[in-house]
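Thanks for coming. I will go through one structure today, starting with charge pairs and then moving to the cores and the pocket.

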Amino acid sequence: MNDCLFCKIIAGEIPSKKVYEDESCYAFYDIDPKAPVHFLVVPKTHISGPDAVEDENAALVGHIYAVIAKVTRELGLSKGYRVVANCGEDGGQTVGHLHFHVLAGRTLAWPPG
């Protein structure tokens, strides 16, 4: 996707502070963090959002959750963290590429503000 912000970040066309990368996903720190630790994990394959997850790409989502567990352990986030995936305009999705926010480093209230 030529106009996708996250595809451009994955391609290195837009700089980011990388947290993790493998053949199928990329993780980087959010430029407008909502917690002391706030990074995103995105698939390298363009998937428009959670509503575009299907049987053919569901294993990738499972892999992303395994990556989140690995990275949070490496960052020492043993007290916990939150994973958020927004879907659609009303759900707060602002970039049309599936992504998972990982927030940690403070107590997170529910419901979020």
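A salt bridge here is a side-chain nitrogen of Lys or Arg within 4 Å of a carboxyl oxygen of Asp or Glu. By that rule the structure holds four salt bridges. This is a predicted model, in which local features need pLDDT of at least 70 and side-chain atom pairs count only at pLDDT 80 or more, while totals for chains, interfaces and linings use all residues. Residues are numbered from 1 along each chain as its sequence is written, and side-chain values use heavy atoms, with hydrogens and water left out.

Take Lys70 and Glu74, whose closest N and O atoms are 2.9 Å apart. Both sit in helix H2, four residues apart, so about one helical turn separates them. Helices (H or I, at least four residues) and strands (E, at least two) are DSSP runs, numbered from the N terminus. For exposure, buried means under 20% relative accessible area, exposed means over 50%, and partly exposed is in between, with a 1.4 Å probe and protein chains only. Lys70 is partly exposed at 33%, and Glu74 is exposed at 53%.

Salt bridges with shared partners also link Lys18, Glu21 and Lys44 in one network. Within it, Lys18 and Glu21 pair at 3.2 Å, N to O. Lys18 is partly exposed at 48%, and so is Glu21 at 36%. Another bridge joins Lys34 to Asp32, at 2.8 Å from N to O; Asp32 is partly exposed, with a relative accessible area of 46%.

Now the interior. A nonpolar core is a set of buried Ala, Val, Leu, Ile, Met, Phe, Trp, Tyr and Cys residues joined through side-chain atoms within 4.5 Å. Which members of the largest core touch the most other members? They are Phe39, Val41 and Ile64, out of 18 residues. At least two residues come from each of E2, E3, helix H2 (58-74) and E5, and H2 has the largest share, with six. Another core, of ten residues, lies apart from this one and includes Cys4, Ile9, Ile10 and Phe28.

Contact means heavy atoms within 4.5 Å. Leaving aside neighbours within four places in sequence, Phe39 is in contact with residues including Val19, Val71, Leu75 and Val102. Leu40 is in strand E3 and is buried, at 4% relative accessible area. Not counting residues up to four places away in sequence, Leu40 touches Phe6, Tyr26 and His99, among others. From Leu40 to Lys18 is 22 residues in sequence and 9.6 Å in space, C-alpha to C-alpha.

Last, the pocket. On a 1 Å grid over the protein atoms alone, a pocket is an open set of points where a 1.4 Å probe fits, with protein on both sides within 12 Å along at least five of seven lines; lining residues have an atom within 4 Å of a point. The largest pocket holds about 670 Å³ of space, where a volume is the space filled by probe spheres set on the points, joined across faces, edges and corners. Its lining has 31 residues, and those nearest the centre are Asp30, Asp32, Lys34, His38 and His101. Elements that give two or more residues to this lining are helix H1 (5-10) and strands E2 (25-29), E3 (37-43), E4 (81-84) and E5 (100-104). H1 gives the most, three residues.
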